[in-house]
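Work through the exercises below with the sequence and the model open. Each task is followed by a solution in steps.

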Amino acid sequence: MTPEIASIRASTASDAPAMARIYAWHVQNGTGTFETDVPDAAEIASRREAVVSKGLPWLVAERDGELLGYAYANHFRPRGAYRFCLEDSIYLSEAARGQGLGTRLLQALIDQGEALGARQMLAVIGDSANLASIGVHRRLGFEHTGVMKSVGWKLGAWRDVVIMQRALGTGGEQPAGD
């Protein structure tokens with residue numbers, strides 16, 4: 001029997017403990033993040049607030065009241081010239097992998113980024129062996145733009161960072177509107 005379809009919604013501050021649990025697994029066991037110290041729920045709540053206070057999306061996927069994953073888009077860099085360029089982040093619970101939730105969360109980020117007037121979205125993917133994340137991004141039109149080799153030491157090995165990029169809206173074809 002296939003699981004029921006999860007819903008995607010805007011996150012709330014009360015989602016922080018569940019998001020912290022999901023992220024803790026990735027910090028301790030995964031290479032999609034190069035963070036090595038597990039942040040607590042208060043830190044995740046603070047990070048979420050920093051993103052949503054800019055009017056940017058932080059979304060969650062849930063089914064039957066269980067939070068299965070989350071995704072957010074933040075400015076690629078804080079300098080003003082980057083204000084039309086977003087970087088996405090997606091984290092799923094172990095139970096949610098392989099169900100298409102990453103694709104659905106990323107598509108929702110793309111849609112919301114375009115609605116906000118962003119022109120580019122970047123994926124800064126930890127570990128060139130992270131084929132699931134690379135595949136999700138490729139499915140949604142991201143192109144490979146580079147690899148930073150051996151820039152992170154995690155779980156006893158050097159890890160690359162893969163950069164992928166997708167135009168949003170008209171991309172760089174027209175001047176930006178402030």
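**Exercise 1: Charges**

Find how far apart the mean positions of the positive and negative charges of the chain are.

Solution. The chain has 18 positive and 20 negative charges, and their mean positions are 4 Å apart. In this count Lys and Arg are positive and Asp and Glu negative, with His and the chain ends left out. Each charge is placed at NZ of Lys, CZ of Arg, CG of Asp or CD of Glu.

The model is predicted: local features need pLDDT of at least 70, side-chain atom pairs count only at pLDDT 80 or more, and totals for chains, interfaces and linings use all residues. Residues are numbered from 1 along each chain as its sequence is written, and side-chain values use heavy atoms, without hydrogens and water.

**Exercise 2: Fold and overall dimensions**

List the elements of the chain in order from the N terminus, then state how its radius of gyration stands against the globule rule.

Solution. Step one: the chain contains 4 helices and 7 strands, where helices (H or I, at least four residues) and strands (E, at least two) are DSSP runs numbered from the N terminus. Their order is β-α-α-β-β-β-α-β-α-β-β. Step two: the radius of gyration is 16 Å, close to the 16 Å that the globule rule gives for 178 residues, so the chain is as compact as a globular protein of that length. The radius is taken over C-alpha atoms, and the rule is 2.2 Å times the number of residues to the power 0.38. Step three: along the principal axes, the C-alpha atoms fill a box of roughly 45 × 35 × 35 Å.

**Exercise 3: Burial and contacts**

State what share of the residues is buried and what share of the contacts between residues at least 6 apart joins residues at least 24 apart.

Solution. Buried residues (under 20% relative accessible area; exposed is over 50%, partly exposed in between, with a 1.4 Å probe and protein chains only) account for 46% of the 178 residues. Of the contacts (heavy atoms within 4.5 Å) between residues at least 6 apart in sequence, 62% join residues at least 24 apart.

**Exercise 4: Ala61 and Pro57**

Solution. Leaving out residues up to four places away in sequence, Ala61 touches Ser7, Ile8, Glu66, Leu67, Leu68, Gly69, Leu101 and Leu105. With the same exclusion, the residues touched by Pro57 include Val51, Tyr72 and Leu109.

Ala50, in helix α2, is partly exposed, with a relative accessible area of 39%.

**Exercise 5: Aromatic pairs**

How are the rings of Trp58 and Tyr70 arranged?

Solution. The structure holds 6 aromatic pairs. Rings of Phe, Tyr and Trp (its six-membered ring) pair if their centres lie within 6.5 Å; planes under 30 degrees apart are stacked, over 60 edge-to-face and the rest tilted. Trp58 and Tyr70 are stacked, at 5.7 Å centre to centre with 5 degrees between the planes. This pair links strand β2 to strand β3 (residues 66–75), across 12 residues. Both Trp58 and Tyr70 are buried. Phe76 and Tyr82 have ring centres 5.5 Å apart and planes at 75 degrees, so they are edge-to-face. Tyr82 is partly exposed, at 31%. Tyr23, Trp58, Tyr70, Tyr72 and Tyr91 form one aromatic cluster.
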